[in-house]
Amino acid sequence: MNRWHNLSLRFGSDTIQAFIDSTLIATVNDGTYGSGQIGLLVSKWQNAEFDNFSVIGTVDTGWVTIDDAVQGSGIDQFNYIGSGWQHCNGCGADLYVLSNSWDNTTNDYVTLEFNGTRIKFYGVKDPGHGIGAVSVDGGSETSIDFYSATRVGDQLMWTSPGLAAGDHVFKLRVTGVKNTSSTNTWVVPDRVDILESNTTSVKEGISIPNGFLLFQNYPNPFNPTTI
């Protein structure tokens, strides 16, 4: 059966990864590779056709901090969803740049779109804080507990695994639950750190064929002629 496949190569400093239809099929580590020295070995293919060839280059540019007070629906902005969110500036010396946000309404949430390869989430812990759930790109949630016997801000709560270079969406959801020591279910974000990256993608456009070639159907022992 003939059908189109997507082949993509991802280049690191000395690593090349090959994907077919988004499935990793090979990884090569060789420090002797440089620009223009990439070789592709295709084995046992009689004919090959390529479409949507993409190249993704990843260069980490460093950590960038986004405060919870940076609000909006664009990239690198906290987008608060739900009527329970409250915000405060100049609220405490323990907070990152003296601001924080809080909510205890079940299933209210906040998202942040970012471009990078990793994200760190910082929150505020307190005797009255509950449990939140974090996720990236709609994946499985991880529960994080905002409870602490004493109040303290700007605390690292969760670090994502390594992510593919490109756009991602971080989400923090209010679960409405708490541990037995807490007196309430507040979920309190303070900031995020993002490991940003430069990403370049190249995609082949659709073109009109300028000719056709008909090859003998080899190997085909059941039908030796081509029509």
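Hi everyone, and a quick word on ground rules. What we have is a predicted model, where local features need pLDDT of at least 70, side-chain atom pairs count only at pLDDT 80 or more, and totals for chains, interfaces and linings use all residues. Residues are numbered from 1 along each chain as its sequence is written, and side-chain values use heavy atoms, with hydrogens and water left out.

Let's start with the overall fold. How many helices and strands are in the protein chain? There are zero helices and 13 strands. Both kinds of element are DSSP runs numbered from the N terminus, with helices being H or I over at least four residues and strands being E over at least two.

Now, contact means heavy atoms within 4.5 Å. Take the contacts between residues at least 6 apart in sequence: 70% of them join residues at least 24 apart.

Next, burial. We call a residue buried under 20% relative accessible area, exposed over 50%, and partly exposed in between, using a 1.4 Å probe and protein chains only. Of the 227 residues in the chain, 32% are buried.

In soluble globular proteins, nonpolar side chains tend to be buried together. By a nonpolar core I mean a set of buried Ala, Val, Leu, Ile, Met, Phe, Trp, Tyr and Cys residues joined through side-chain atoms within 4.5 Å. The largest one here has 22 residues, and those touching the most other members are Leu112, Ile119, Phe121, Ile144, Phe170, Leu172 and Val192. Strands S5 (78–81), S8, S9, S11, S12 and S13 each give two or more residues to this core. Which element gives the largest share? That is S8, with five residues. Have a look at Phe121: leaving aside neighbours within four places in sequence, its contacts include Ile144, Trp158, Phe170, Leu172 and Val192.

On to the charged pairs. A salt bridge is a side-chain nitrogen of Lys or Arg within 4 Å of a carboxyl oxygen of Asp or Glu, and by this rule we count four.

One of them joins Asp126 and Arg151, at 3.5 Å from N to O. Asp126 sits in the loop between strand S8 (109–125) and strand S9 (131–136), and Arg151 in the loop between strand S10 (142–145) and strand S11 (152–159), so the pair ties together parts that are 25 residues apart in sequence. Buried or partly exposed? Asp126 is buried at 17% relative accessibility, while Arg151 is partly exposed at 42%.

Another bridge pairs Arg173 with Glu141, with the closest N and O atoms 2.8 Å apart. Arg173 is in strand S12 (residues 167–177) and Glu141 in the loop between S9 and S10, so this pair ties together parts 32 residues apart in sequence.

Then we have Asp154 and Arg191, whose closest N and O atoms are 2.6 Å apart. Asp154 in strand S11 and Arg191 in strand S13 (residues 189–200) are 37 residues apart. Salt bridges that share partners also join Asp154, Arg191 and Asp193 into one network.

Last stop: His129, in the loop between S8 and S9. His129 is buried, at 5% relative accessibility. A polar atom of the His129 side chain lies 2.9 Å from the backbone oxygen of Val124. Beyond neighbours within four places in sequence, His129 has contacts that include Asp145, Tyr147, Arg151 and Trp186.

Conventions
A polar contact is a pair of N or O atoms within 3.5 Å; within protein, one must be able to donate a hydrogen and the other to accept it, and residues adjacent in sequence count only if both atoms are side-chain atoms.
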